[in-house]
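Have the structure open beside you and follow along.

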Amino acid sequence: MATPAKPKRGTAVAVPKAKIQLPVDINAQMAAEIEAFKGRIAAPTGNRIGTDEKLFTLPNGDTSDTLSVIIVDFVSYNAYYDKPWNPNQIVPPNCFSLGLEPAGMVPSENSPEPQAESCAACWANQWKSSATGAGKACSNTKLLAIIAPDDPEAPIMLLKVTATALKSFDAYVTSVARSFQRPPYGVITEITFDPNLKYSSLRFGNPVACTPDQMALAWSRKEDAMARLMVEPDVSAFVAAAPKAAARKPATRKAA
């Protein structure tokens, strides 16, 4: 995976870094996290990675059609917009929710216009609620916090998994847990695009077990990753739609 270029610096004395140590009970903790992931795959600011035109665009401008990364953590993100997507006019969502388990998500108290008390009961989260087709009016996605596997100083980057790729991601996490007995941060993941689709839809595969040093690196970044994932969208610029005027009845003439 390409990483942002580092600025040149003057000569400096190298200071040895303390080696990161995994907790003694790491196997037990990973087993517990695997159980937690099952609920998280059932029925923010940061360095974001673009996915237009079936190319990953890294924050430093580098592009690639494949990423080999460690998925440090992930969350579910639902967002409802009452206007069609316009790339030239980015607006905040009317209602949004961030959470670990999709089944228990509720609109954020900071949502400008909450649509329901829970995402499960929301009209916009039902199939055929979209004005343009059989999908949902509310977009169900996941946000991944990822790092390069061999660069301790690499920044945490965020990658969005759209609705068309959720099944692939959920199946992949389940497969890794079954085959490796590890959560996603215990393997190096290859992320590509589905070659059979015209639009960009992510696919996950070819897991390779992390070395102890790589897993220790991922473990050390978990707190920072979750902090970035749970950053809510900026809704300060939200403008509520003007209420529709009541239809006027045509004037009637009085009889002479």
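How many of the 10 residues of E6 are buried? I was working with a predicted model, and I counted nine, so E6 is largely enclosed by the rest of the structure.

**Entry 1: the partners of E6.** E4 and E6 run antiparallel and are joined by 10 bridges. Within that pairing, I found Val75 bridged to Leu143 of E6. E7 also pairs with E6 in the antiparallel sense, over five bridges. There, Leu144 has Leu159 of E7 as its bridge partner.

**Entry 2: the core.** Next I asked for the largest nonpolar core, and 23 residues came up; Leu144, Ile146 and Leu202 have the most contacts inside it. The elements giving two or more residues to this core are E4 (67-80), E6, E7 (157-161), H2, E8 (187-193) and E9 (202-209). H2 provides the largest share, five residues. Another core, of 22 residues, lies apart from this one, and Val72, Tyr77, Met215 and Ala218 are among its members. A reminder to myself: in soluble globular proteins, nonpolar side chains tend to be buried together.

I then picked Ile146 and listed its contacts, leaving out residues up to four places away in sequence. Ile146 touches Ile49, Leu67, Val69, Ile70, Ile71, Val72, Pro155, Ile156, Met157 and Leu159.

**Entry 3: helix H2.** Which residues of H2 are buried? I noted Leu166, Ser168, Phe169, Asp170, Tyr172, Val173, Val176 and Ala177. For reading such a list, I keep in mind that an α-helix has 3.6 residues a turn, so residues three or four places apart point the same way. Just after H2, Gln181 takes a positive phi of about 55°.

Entry 4: Is Ser129 buried or exposed? Its relative accessible area is 18%, so I wrote it down as buried, the cut-off being under 20%. Leaving aside neighbours within four places in sequence, Ser129 is in contact with Trp123, Ala124, Gly135, Lys136 and Ala137.

Terms used: Residues are numbered from 1 along each chain as its sequence is written. This is a predicted model: local features need pLDDT of at least 70, side-chain atom pairs count only at pLDDT 80 or more; totals for chains, interfaces and linings use all residues. Side-chain values use heavy atoms; hydrogens and water are left out. Buried means under 20% relative accessible area, exposed over 50%, partly exposed in between (1.4 Å probe, protein chains only). Helices (H or I, at least four residues) and strands (E, at least two) are DSSP runs, numbered from the N terminus. Contact means heavy atoms within 4.5 Å. A nonpolar core is a set of buried Ala, Val, Leu, Ile, Met, Phe, Trp, Tyr and Cys residues joined through side-chain atoms within 4.5 Å. Two strands pair if DSSP finds at least two bridges between them.
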